[in-house]
Amino acid sequence: AVLVRAVLGVVYRLKYGLVVEKSEALRELHRGQGLVIAPHTSAKDHWLVGMAVFPPVRPTFVVSEHFLAKPKLRPILKLAHIVTKKMFCPDVGTVLNTLRAGKEGNTVILFPEGRLSLCGRTGRVTEGSGMLAKKLGLAVYVITANGATLTFPKWAKDARRGKIFVRTEKLLTKEEVAALTPAEIEARMQDAVTHDDFAVMQDVVYRSPRMAEGLDGILWRCPSCRREFTLHTEKNAIFCDCGMRAELDGHYRLSGTHFSSILSWYDWQCEEMDPAHECMECDAEIGAVNEKGNMDPHAGHAHIRMDAENFTFAGEVFGKPVSFSRRTESIVAFPATVATEFDIYYNNMLLYMYPTPDRRAVAKWVAYLDRVVAAARDEKIRQTAAIGS
């Protein structure tokens with residue numbers, strides 16, 4: 001493990017401009033134990049945080065259970081000290097295993113948002129994160145990998161060369177964790193992981209001959225003709241069948257369209273959706289974990305539908321009929337792979353949904369659910385405020 005960390009450190013420094021800040025908070029963490037939280041902005045976050053704390057700290061990462069369904073990755077994870085989590089599901093086992101790791105003297109590393117967003121924007125801390133921190137009773141640190149989103153965009157075809165600056169700060173002492181309520185701790189966590197890589201690293205140039213390739217996996221509506229799934233990418237350009245063409249530069253600034261950034265384009269198309277009058281519906285190929293513990297992407301098929309009230313699934317998995325319905329807002333979020341699949345648990349069974357005919361629809365399914373959940377959350381806040389007044 002020490003050798004792997006050393007080799008990765010050299011590669012990341014030379015190739016991606018990695019700098020790990022040797023702050024007093026990091027030195028303090030190296031001398032003891034803590035709960036580390038981190039914004040989840042890239043697929044390499046576990047490596048980046050791990051390179052900051054290890055050695056001398058032995059970290060226990062809380063990671064999604066779906067990683068164990070990858071046969072090439074599973075042996076590595078079994079050698080590591082990890083705790084697995086069913087995403088956005090009540091999971092008592094995860095809590096107990098995490099608390100056990102804390103009692104054994106390990107530093108627990110948690111990405112409290114629970115998923116990696118499609119567009120690089122940090123999300124909401126999952127409910128219960130504050131209670132977990134309080135039960136652990138450890139000082140809380142924040143490790144932020146500035147530039148990770150821009151080096152390893154979730155939607156991109158390849159990595160970019162630029163700079164990654166990893167910094168560590170102390171968020172809460174053990175005494176503060178003991179004195180604060182779980183809700184107060186969660187609020188502090190939310191403030192700490194809310195992060196905008198595009199603003200923090202705006203003066204850094206990120207280099208790739210294919211800056212825009214893959215963007216059509218998260219941008220589905222053309223701002224000129226307003227049609228959906230007519231966008232394509234090549235090298236530094238994103239363009240539409242209607243003739244619209246925009247360029248993405250090394251600062252992640254767009255030209256050729258009235259949107260100056262990826263996030264403003266993404267937000268616009270999300271605002272164009274109206275869950276009160278629009279539903280999502282398609283056929284899908286279904287992936288599921290087989291008896292060998294591997295994800296089988298050809299496990300079945302289904303028809304899926306989602307509106308503001310309900311998500312429904314009707315199909316078959318491994319030759320057996322599977323049908324269920326869930327309140328849309330209760331799903332909380334869809335973990336997803338851009339232009340490939342989004343997933344959900346049903347009766348503790350992990351299901352991957354590959355929409356047909358165009359897998360780029362994944363982004364719209366994810367964004368639609370995010371809008372429904374945000375609206376439900378805002379309504380609850382409004383009702384609570386009304387009762388209080």
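Me: What volume does the second largest cavity have?
Reply: The model is predicted: local features need pLDDT of at least 70, side-chain atom pairs count only at pLDDT 80 or more, and totals for chains, interfaces and linings use all residues. Residues are numbered from 1 along each chain as its sequence is written, and side-chain values use heavy atoms, without hydrogens or water. A cavity is a set of points, on a 1 Å grid over the protein atoms alone, where a 1.4 Å probe fits but cannot get out; points are joined across faces, edges and corners, and the volume is the space filled by probe spheres set on them. For the second largest cavity, that volume is about 40 Å³.

Me: How many charged residues line the second largest cavity?
Reply: Lining residues have an atom within 4 Å of a point. Here they are Leu150, Phe198, Met201, Gln202, Val204, Tyr206, His251 and Tyr252. Ala, Val, Leu, Ile, Met, Phe, Trp, Tyr, Cys and Pro count as nonpolar, Asp, Glu, Lys and Arg as charged, and the others, Gly among them, as polar. By class, the lining has six nonpolar residues, two polar and, as for charged, none.

Me: Is Tyr252 buried or exposed?
Reply: Tyr252 sits in the loop between strand 10 (245–248) and strand 11 (254–255); strands are DSSP E runs of at least two residues and helices H or I runs of at least four, numbered from the N terminus. Its phi is positive, near 65 degrees, though Tyr252 is not a glycine. Most residues other than glycine have a negative phi. Buried means under 20% relative accessible area, exposed over 50% and partly exposed in between (1.4 Å probe, protein chains only); at 3%, Tyr252 is buried.

Me: Which strand gives the largest share of the lining of the largest cavity?
Reply: The largest cavity has a volume of about 70 Å³. Its lining includes Met87, Arg326, Asp343, Ile344 and Tyr345. Eight lining residues are nonpolar and two are charged. The largest share, three residues, comes from strand 17 (residues 341–346).

Me: What is the relative accessible area of Ala339?
Reply: Ala339 lies in the loop between strand 16 (336–337) and strand 17. Its phi is positive, about 55 degrees, and Ala339 is not a glycine. Ala339 is partly exposed, with a relative accessible area of 30%.

Me: Why do the buried residues of helix 6 (residues 129–136) lie on the same side?
Reply: The buried residues are Ser129, Gly130, Leu132, Ala133 and Leu136. The arc is that of the directions from the helix axis to the C-beta atoms. They lie on the same side of helix 6 because they cover an arc of only 160 degrees.

Notes. 1 Å grid on protein atoms, 1.4 Å probe; cavity = no way out; pocket = protein on both sides within 12 Å on 5 of 7 lines; lining within 4 Å.
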